[in-house]
Amino acid sequence: MKKSKTLSENPFSKSKVKGDGIKEKAVVGLTQLAVILIIAILFIILGIIIYQGREKFSWEFISSFPTDGMTKGGIFPALIGTFILVIVMSIAAVPFGTITALYLTEYAHEKSKFAAAVRFSIRTLAVVPSIIFGLFGLGFFIQFIGTGMDSTFNGGELRWGQPNILWASLTMALLTLPVIIVSVEEALKTIPRELREASLALGATKWQTIRKVVLPGSISGIMTGTILAVSRGAGEVAPILFTGAAYYLATLPGSLSDQFMNLGYHVYIMSTQSSDVEKTMPIQFATTLVLLMLTLSLNLVAVVIRSRIRRKAK
Amino acid sequence: MNSQSPIKQTFTKESLKKQFRLSEFLSEKIITSVAFLSIAIIFLIFIFVFKESLPLFSFGNKAKPNTEIQSNTDKPETYGAATEELKPETYGATTTEELKPEIYGSEPVSNEELKPETYGESKKEDLSVPLADEPMDAVSENKEGADNTWSTFFSTEWVPVSDNPRFGLIALLIGTLKVTIIAILIAGPLAILAAVYTSCFASNRRKEIIKPIIEMLAAFPSVVIGFFAMMVLATFFQDVFGYDSRLNAFIGGVAMALAAIPIIYTISEDALSAVPKTYTEASLALGASKAQTAFKVILPAATPGIFAALLLGVGRVFGETMIALMATGNAALLSANPFESVRTFAATIGSEMAETVFGETHYSVLFFIGSLLFIFSFILNAIAEFYVKGKLIKKFQGK
């Protein structure tokens with residue numbers, strides 16, 4: 001009501017229109033300010049970490065072991081530990097996620113209650129706090145499966161019933177599953193229906209169509225999902241706090257039943273529990289820089305691939 | 001087309017029937033069952049997190065539930081019922097000699113660091129309490145720990161490691177709420193305003209730049225944000241406001257806002273863009289300005305979606321662990337002052353789980369807190385899913 005009054009050609013309301021002009025600008029400016037503020041914060045964080053981390057950051061830092069009670073030296077074992085973690089994690093999570101995405105897009109009926117339930121649990125999986133995954137890993141993988149494996153195969157000797165790479169990776173795989181499913185689903189949806197119909201019309205069965213037409217077409221989507229999942233897995237610390245990350249190890253992990261060092265955990269430990277926080281400050285910033293570079297560059301790659309998929313879909 | 005028609009003859013009812021193929025059948029079943037696993041995982045997570053807190057629910061004898069759980073894992077002989085045997089079972093790592101010096105070598109350091117902060121004040125109170133309470137507690141509690149655990153839940157002290165452990169969840173709850181409220185008060189308006197700008201005012205080119213940049217914030221690992229808050233923000237804000245404790249609820253809230261902004265932003269942006277174009281066009285055609293359209297037409301129409309965004313933001317902050325561990329000071333103090341250290345639920349689990357003994361009350365309580373967190377995030381998600389989205393769809397389809 002008020003709006004129409006203001007905007008009619010009534011000369012009495014002219015002053016009001018002017019006031020609205022300023023208000024209008026103020027309102028738009030406010031929202032713009034919010035955007036600028038967020039972006040500024042982002043670049044301030046990046047800038048400070050790069051600035052503080054650059055002096056220690058070098059090839060030697062990346063490729064050497066920490067020494068002198070972690071007050072000197074590099075982060076090599078943490079980096080390797082992170083790599084092993086994300087590789088084992090991907091091996092577990094990618095096939096699982098891809099198949100679930102296939103079910104949701106290819107097999108599930110639109111109104112199927114089961115598919116809705118699957119979707120809901122995937123969303124839930126995405127919002128469950130990461131520390132809960134850690135608890136689950138401890139309760140299920142280590143104490144239920146691990147101890148069970150020990151008692152059946154090892155005669156009760158402790159090997160799997162303790163924190164190690166395998167359990168940490170599987171825990172992380174559950175955490176990153178939604179990321180993969182969503183990416184693959186998105187890629188599957190961009191494959192035109194005509195292609196599927198053409199394949200089916202030629203007499204191929206549904207599974208053949210999926211294997212020969214749909215899956216090859218969505219390879220880039222699977223890759224995006226994997227990369228995003230790896231980036232998430234590399235940065236997340238809470239789930240591995242008590243499923244396998246170690247404070248310090250003198251050697252690299254030799255088997256899946258070993259503990260491992262992890263970049264994120266290293267940052268956490270160094271900044272909160274190190275004996276001399278001030279002295280190791282440059283190392284901490286440099287480690288954070290490495291971690292941030294790892295996750296951001298992975299995300300950047302994923303964004304590039306994704307935008308390519310979207311362009312192709314258009 | 002009109003030549004011979006041998007084909008016609010083969011189109012009997014039989015031939016039109018779908019042929020049974022084993023590989024087809026198998027692949028479909030396998031794919032469906034893998035999809036089913038994602039439902040199973042949710043159940044498993046709840047069951048196994050909750051299972052570990054079960055000893056809390058058996059009032060009376062504490063040793064009994066322990067043996068019950070052991071028998072589930074097929075190892076009654078090893079664990080037995082002897083309480084001495086429970087100690088080395090810390091969940092493994094401590095028993096292997098090679099690992100001990102390396103991994104747990106750090107613990108003395110952490111203990112020294114944590115104790116003065118966390119328990120410093122409550123220890124003093126301990127001294128005054130014994131006169132009245134201890135004799136009574138000693139009788140009922142030290143013999144049968146599980147019995148008294150429940151009553152201490154509603155106290156305000158969190159003293160898990162002492163002769164007379166108290167698990168006051170109230171202090172933790174207040175701490176968590178304090179951080180959550182601060183974080184949402186900062187992240188909510190900022191992210192929603194930014195979303196309004198991107199979806200209503202920004203040109204297409206700007207939109208394409210802004211969106212990925214803000215979403216890049218989501219790629220920041222929480223440990224990095226926690227580290228930044230701890231090293232840089234804490235010092236900065238202390239210089240500005242001049243409060244006493246360097247790490248406090250406010251710093252934690254600010255840092256968690258950074259983690260919540262991309263979530264709230266992305267979901268509200270989606271909700272705002274999902275408002276039908278006809279709404280905008282009708283409003284503009286009536287002569288409303290762009291800002292009026294945005295705030296009086298589009299924003300109200302997208303309210304359910306934005307509400308969902310806020311809910312998920314709350315969920316994220318509520319369960320955030322690493323930032324809470326690093327930036328909130330980790331002391332379970334009970335006060336309304338936002339510039340005092342707090343301890344959140346998630347941070348409690350994260351920092352204390354490594355020090356507990358398998359099967360102990362403290363261990364069960366931590367898992368119980370975990371189940372609470374899980375239920376809470378589950379409910380938040382369910383509300384966001386069903387209530388809000390149903391409402392949104394109804395609204396756009398004209399009721």
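Helices (H or I, at least four residues) and strands (E, at least two) are DSSP runs, numbered from the N terminus. The model is predicted: local features need pLDDT of at least 70, side-chain atom pairs count only at pLDDT 80 or more, and totals for chains, interfaces and linings use all residues. Residues are numbered from 1 along each chain as its sequence is written, chains are lettered from A and ligands numbered from 1 in the order in which they are written, and side-chain values use heavy atoms, with hydrogens and water left out.

Chain B holds 20 helices and 2 strands. Of its 399 residues, 52% are buried (buried means under 20% relative accessible area, exposed over 50%, partly exposed in between; 1.4 Å probe, protein chains only).

The UniProt record, an unreviewed entry, assigns "domain: ABC transmembrane type-1" to residues 173–384 of chain B. UniProt positions are given in the numbering used here, feature names are shortened, and annotations may be inferred rather than shown by experiment. That span is 77% helix and 0% strand, with its end C-alpha atoms 22 Å apart. The unreviewed entry also places "transmembrane region" at several spans of chain B, including residues 249–267 and 297–318. Residues 249–267 of chain B are 100% helix, and their end C-alpha atoms lie 26 Å apart. For residues 297–318 of chain B, the helix share is 95% and the end-to-end C-alpha distance is 32 Å.

In H19 of chain B (residues 345–352), 8 of 8 residues are buried, among them Phe345(B) and Glu352(B). In H11 of chain A (residues 263–273), 11 of 11 are buried, including Tyr265(A) and His266(A). At the start of H11(A), a side-chain oxygen of Asn262(A) comes within 2.9 Å of the backbone nitrogen of Gly264(A). Glu269(B) lies in helix H14 (residues 249–274) of chain B. Glu269(B) is buried, at 2% relative accessibility. Beyond neighbours within four places in sequence, Glu269(B) contacts Ala195(B), Thr198(B), Ser199(B) and Lys211(B).

At the interface, 92 residues of chain A are in contact with 95 residues of chain B. The two chains bury about 8,400 Å² between them, 79% of it on carbon and sulfur atoms (accessible area lost on being put together, 1.4 Å probe, summed over both parts). The count between chain A and chain B is 1 salt bridge (a side-chain nitrogen of Lys or Arg within 4 Å of a carboxyl oxygen of Asp or Glu). Arg123(A) and Glu385(B) form a salt bridge, at 2.7 Å from N to O. Helix H2 (residues 14–53) of chain A gives the most to the side of chain A that touches chain B, with 20 residues.

Over all chains there are 10 salt bridges. Glu106(A) and Arg196(A) pair at 2.9 Å, N to O. Glu106(A) is in helix H4 and Arg196(A) in helix H8 of chain A, so the pair ties together parts 90 residues apart in sequence. Glu106(A) is buried at 11%, and Arg196(A) is buried at 16%. In chain B, Glu320(B) and Arg316(B) also form a salt bridge (2.9 Å, N to O). Glu320(B) is buried, at 5% relative accessibility, whereas Arg316(B) is partly exposed at 29%.

Conventions
Contact means heavy atoms within 4.5 Å. A polar contact is a pair of N or O atoms within 3.5 Å; within protein, one must be able to donate a hydrogen and the other to accept it, and residues adjacent in sequence count only if both atoms are side-chain atoms.
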